[in-house]
Structures are given as C-alpha cells and as structure tokens.
Amino acid sequence: MIIIKTIDGITSRLRKFRSIHSSIGFVPTMGALHKGHISLLQNCKQVCELAVSSIFINPTQFNNADDFKKYPVTLEQDIYTLEKNGCDVLFLPDTNEMYPDETIPKKHFDLGQLEIILEGKYRPGHFQGVCQAVKRLLEIVMPSHVFMGQKDYQQCMVIKKLLEIENLNTQLIICTTLREENGLAMSSRNLRLSEKQREDAAAIYKTLRHVKQNIRSGSLLQLKKDAQDYLSGNNFKVEYVEIAEADNLNIVDEWDGVTRLVILAAAFIGDVRLIDNILLKD
Ligand code: AMP
C-alpha cells in the first residue's frame, strides 16, 4: 500500500494508473477503522481494479466541538488494517492540504429537505461539512465508484444528491451495515462506550427490529411513540425515531402498505451519540 499525503502526489500517481485502467474505487473514512469500514474496502476490491481509501477527520462536519475533540484516532492500527486488507493507496491529507485557503467563502450545497430533517435538524451544518469534504476528495481522487455504508443512511442520500447537483462522474455504491454480535451497528464512536454501554446500546437495533416485525398499513404514530418510549425507558436520550420513505426520506405517519420504508434512530447513551437504521420493507 502506498501512503500519500499531498494532492499533487495522489493526482500524479492516479493519473498514471488511469491511463491503463478504467475503474478506481474509493472508500473515504475518518479512521478508527472497524470491520464495517473493511467491508466497504472488500466491496470496493470486488468491483474495481484499484482500491483507494482516505483517512481525514473533517473538522467542518462536526457541529459539536467536543465531539471533534473526542473523536477516536488510531492511525497506526488503521494503516496496518488497510494494508492487510488489500488497500492499494491511502490518501492521508492534513487540514491545510484539504482546505488551504480559509478565506474563500464556503460553497453552499442545495440539499433541499435532507439538510433540515433528522440528522440535519439535530446536527446543523453537518451535511454542508460532509459535502465540502467529500466533493473535495472526489475531485482529487476522481473515482469511478465511491463506497459508503447504509449505517449513515441520510449521508448516502446526501452524497447521491451531491453527485447529481455537482455533476460528478462517480457511481455511489451503498454497502450493508456491519453489526456486533448483539446487533449494535459498528461505529468508530463505539470505542468510547464502556462494556456495559455496548451491551445496553444493542437496544437500538432491537427496537428497530421490533418495529419491522410489527408494522402494519395505517397509522404509524403509536408504533413510533412506543419505540421512542422503549429507548427512553432504557436510559437513552432519544433525539428521534422516525419512519420515512426509503427513496427520499419523506416522513411517513400513515403507511399505504406498499411504499418502501426505512426506520432511523439517533440516541445518546451517556455522552456518546449513536445512529442506526434498517429498511422496513426491502
Ligand atoms: P466514518 O469513518 O464513520 O466517516 O465512516 C466511513 C464510511 O464507513 C461511511 O461510508 C460509513 O457509512 C461507513 N460505515 C460506518 N460504520 C459502518 C458499518 N457498521 N457498516 C458498514 N459501513 C459503515
């Protein structure tokens, strides 16, 4: 695996590669890698001739300074893991490389309602920051495919929109969520959970599964309220449990029994914020 820290370095390296091969796969991450990230890399290697990953803890997507400060960093281990799992190129820019001129006003991406609902509502500015970093990374790497996790469902919808509005020639591949044995979605933030909290946090997935098993056409209000109450009663500070149309995230209170749905949740356990989702009708 080659590690490249500069834009010039990765641009010339990939230019050479592009002259011979057609597919470059890209797995952007913020590090603290776990098996979920590695599954993206494995998908990438199946589809593309070259697997590029990046580690960049993007400051502009943290709406909470404390969350940024506490974000886990395990760089040495990450490099080892990527190399062992067949990553070809690791792009490792620092903040100055990504955002060299702080005086340039930030572009605003028109994300429509995606920006103000669910994660957008509770993390103002988050998706603008995500778009700023991902657009920059995509323009540098110019991948044929970018691999992202369903775990961050709304983020996937945002990136789909970004690719459309910026006319970027990259295909988004959404990969399934990897979970711990108890059902807890793998996340870099899980490193901040105690053993007991890790066990308790499995209640989120359990609740989502419960809704999936009990959903019927008609009003969904009681089912959503029961799910929220269950989590609140189990020491979570719930931000939302919502059911939405899987294709556009329009919130659904009354279901026709046919439309594809997704249930999404965000809740704190202690001071760690966790998100998860599952499709209710595949
Ligand atoms: P992050 O490092 O948290 O920014 O995540 C980098 C990529 O890994 C994103 O596309 C995430 O959606 C994806 N990812 C995070 N957790 C998981 C998981 N448990 N399973 C699959 N993909 C994941």
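Predicted model: local features only at pLDDT ≥ 70, side-chain atom pairs only at ≥ 80, totals over all residues.
Along the principal axes, the C-alpha atoms occupy a box of roughly 55 × 40 × 40 Å. The secondary structure consists of 10 helices and 11 strands.

The ligand is located in the largest cavity. Its shell is formed by 16 residues, of which Met 30, His 37, Asp 152, Leu 178 and Met 186 are the closest. Sorted by class, this shell contains 7 nonpolar, 7 polar and 2 charged residues. At least two shell residues come from each of strand E2 (24-29), helix H2 (35-47) and strand E5 (145-149). The greatest contribution is that of H2, with 3 residues.

Polar backbone atoms of the protein approach the ligand at several positions, as follows. An oxygen atom of the ligand lies 2.9 Å from a backbone N or O atom of Met 30, a residue that is also among the closest to the ligand. For Gly 149, a polar backbone atom is found 3.0 Å from an oxygen atom of the ligand. Leu 178, likewise one of the closest residues, places a polar backbone atom 2.9 Å from a nitrogen atom of the ligand.

Technical notes. Residues numbered from 1 in each chain as written. Heavy atoms only, no water. Near = heavy atom within 4 Å. Polar contact = N/O pair within 3.5 Å; in protein donor to acceptor, adjacent residues only side chain to side chain. 1 Å grid on protein atoms, 1.4 Å probe; cavity = no way out; pocket = protein on both sides within 12 Å on 5 of 7 lines; lining within 4 Å. Sits in = over half its atoms within 2 Å of the grid points. Helix = DSSP H or I, 4+ residues; strand = E, 2+ residues; numbered from the N terminus. Nonpolar A, V, L, I, M, F, W, Y, C, P; charged D, E, K, R; others polar.
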